[in-house]
Amino acid sequence: MSWILAFHLISVICWFAGIFYLPRLFVYHAMSEDQISKDRFVIMERKLYRGIMTPSAIATVFFGAWLIATAPDYYLPQGWLHAKLFLVALVVVYHIVCGQHMKRLKEDRNTHGHVYFRVFNEVPVFALIAIVILAVVKPF
């Protein structure tokens, strides 16, 4: 079980690294004015989203489900786990929204400015704080 937990945590760290960095790329992409910069951001965003974020998200869910499967009688009745899973579902939605923003930026159909993306970039911080507190403190 320790190995599963270790791989779950590694996956979470990699996923959130991407979740924190991709919207920062959106900020710079939205601010860029020349086509060379825009094309460079398209490549960087695609590699981060497809090469790091999505595989890490899949691994996070896989190893998390595996952890629950190792002791369902312990985990499933826990209120903190249900709250954590709800927040994880919201992070998955955020991940998907990032993919939609990425597509609109690539197609030059973005309607948001850099300020929007700066605020958008801060949203997952609150989810991460709550998820860690729920998993470590287990308040209920």
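The largest share of the positive patch, 3 residues, is contributed by α2.

The structure is a predicted model, in which local features need pLDDT of at least 70 and side-chain atom pairs count only at pLDDT 80 or more, while totals for chains, interfaces and linings use all residues. Residues are numbered from 1 along each chain as its sequence is written, and side-chain values use heavy atoms, with hydrogens and water left out.

The patch of positive charge on the surface gathers Arg 46, Lys 47, Arg 50, Lys 103 and Lys 106. Patches here consist of residues with over 30% relative accessible area and no salt bridge, with like charges joined within 9 Å and nonpolar side chains (Val, Leu, Ile, Met, Phe, Trp, Tyr) within 5 Å. A salt bridge requires a side-chain nitrogen of Lys or Arg within 4 Å of a carboxyl oxygen of Asp or Glu. At least two residues of the positive patch come from each of α2 (35-70) and α4 (79-106). Arg 46 belongs to helix α2. Because its relative accessibility is 33%, Arg 46 counts as partly exposed; buried means under 20% relative accessible area, exposed over 50%, and partly exposed in between, with a 1.4 Å probe and protein chains only.

As for charge overall, the mean positions of the 13 positive and 8 negative charges of the protein lie 4 Å apart. Lys and Arg count as positive and Asp and Glu as negative, whereas His and the chain ends are not counted. The place of a charge is NZ of Lys, CZ of Arg, CG of Asp or CD of Glu.

Next, the overall architecture. Along the principal axes, the C-alpha atoms fill a box of roughly 55 × 25 × 20 Å. Of the 140 residues, 37% are buried. The protein exposes about 8300 Å², and carbon and sulfur atoms supply 71% of it; these areas come from the Shrake-Rupley method with a 1.4 Å probe, and for residues only the protein chains shown count as cover.

Which residues make the nonpolar surface patch? Ile 129, Val 132, Ile 133, Val 136 and Val 137 form this patch of about 450 Å². Ile 133 lies in helix α5, residues 114-137, and is partly exposed because its relative accessibility is 45%.

Among contacts with a separation of 6 or more, 76% join residues 24 or more positions apart, a contact being heavy atoms within 4.5 Å.

Ile 19 and Asn 121 illustrate such a pair: they are 102 residues apart in sequence and 8.1 Å apart in space, C-alpha to C-alpha. Ile 19, in helix α1 (residues 2-31), counts as buried because its relative accessibility is 0%. Beyond four places in sequence, Ile 19 contacts Met 53, Val 91, Tyr 94, Asn 121 and Pro 124. Asn 121, in helix α5, is buried because its relative accessible area is 7%. With residues up to four places away set aside, Asn 121 touches Ile 19, Phe 20, Pro 23, Arg 24 and Tyr 94.

Terms used:
Helices (H or I, at least four residues) and strands (E, at least two) are DSSP runs, numbered from the N terminus.
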